[in-house]
Amino acid sequence: MTAPVDALDPVRAELLRAARASADAVLDRTRADAAETLRAARATAEAVRTRAQELGEADGAAEATRERVRAAQDAWAVELAARADVYAALRAAVRAGVRRALAEDAVSHSRLAEVARAQLGPEARVTAAAEGGVTAEIPGRRVDLSADALAERALDRLGLQAETLWGSP
């Protein structure tokens, strides 16, 4: 017995391919930016640490410790900001990619409408979403298959894999 063919498989595959291609391009650019930001933050932290050491062993020991902690906190804050920028750029690129993929494929609108009706029933009121895709409603229930919602779901499915964004290329 063969499994039923899902009409959205080609759409999903194209959306995933487009999202991955966009994500790869964004990752390449943002990894370089993040690496440079991290190098600068680490250089700053090292400069602060060196300065603290020069304050002197006896009187400067406590201050050196405080300076190292502040430098590490500053470096971590810069790294977190860089990570946030990378993720924001990835999110924007994935959203744009999904919008573009939906705009280039007129069939996907009807497929998404079919999926919405399959989830809510044939009485569902299906509406085209401004940025691409559809939303559907029946009293008490709503399905959001808009481009942004599809992109967010794809990013959510990354889960812990998103941590690989911060690894070495």
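View 1. Six bridges tie β2 to β3, and the two run antiparallel; strands count as paired if DSSP finds at least two bridges between them. Strands (E, at least two residues) and helices (H or I, at least four) are DSSP runs, numbered from the N terminus. Two residues lie between the strands of this hairpin, and glycine 140 takes a positive phi near 90 degrees there.

**View 2. Three strands make an open sheet.** The order is β1-β2-β3, with antiparallel pairing. Out at the edges are β1 (125-128) and β3 (141-146), each pairing on one side only. From one strand to the next, the twist averages 15 degrees. Strands of a sheet pair through backbone hydrogen bonds, either parallel or antiparallel.

**View 3. β1 meets β2.** Four bridges link β1 with β2 (residues 133-138). Look for arginine 125: its bridge partner in β2 is glutamate 137.

**View 4. Helix α4 lies across two strands.** Residues 147-158 form α4, which lies across β2 and β3 and runs at about 85 degrees to β3. Axes are lines fitted to C-alpha atoms, for helices over the stretch in contact (heavy atoms within 4.5 Å), and angles run from 0 to 180 degrees between N-to-C directions.

**View 5. Glutamate 67 is tucked away in α2.** Helix α2 covers residues 60-104 and includes glutamate 67. This glutamate 67 counts as buried because its relative accessibility is 12%, and buried means under 20% relative accessible area (1.4 Å probe, protein chains only). Glutamate 67 touches Val48, Arg51 and Ala52, leaving out residues up to four places away in sequence.

**Notes.** Numbering starts from 1 along each chain as its sequence is written, and side-chain values use heavy atoms, without hydrogens and water. Because the model is predicted, local features need pLDDT of at least 70 and side-chain atom pairs count only at pLDDT 80 or more, while totals for chains, interfaces and linings use all residues.

Methods: Buried < 20%, exposed > 50% of the residue type's maximum accessible area, 1.4 Å probe, protein only.
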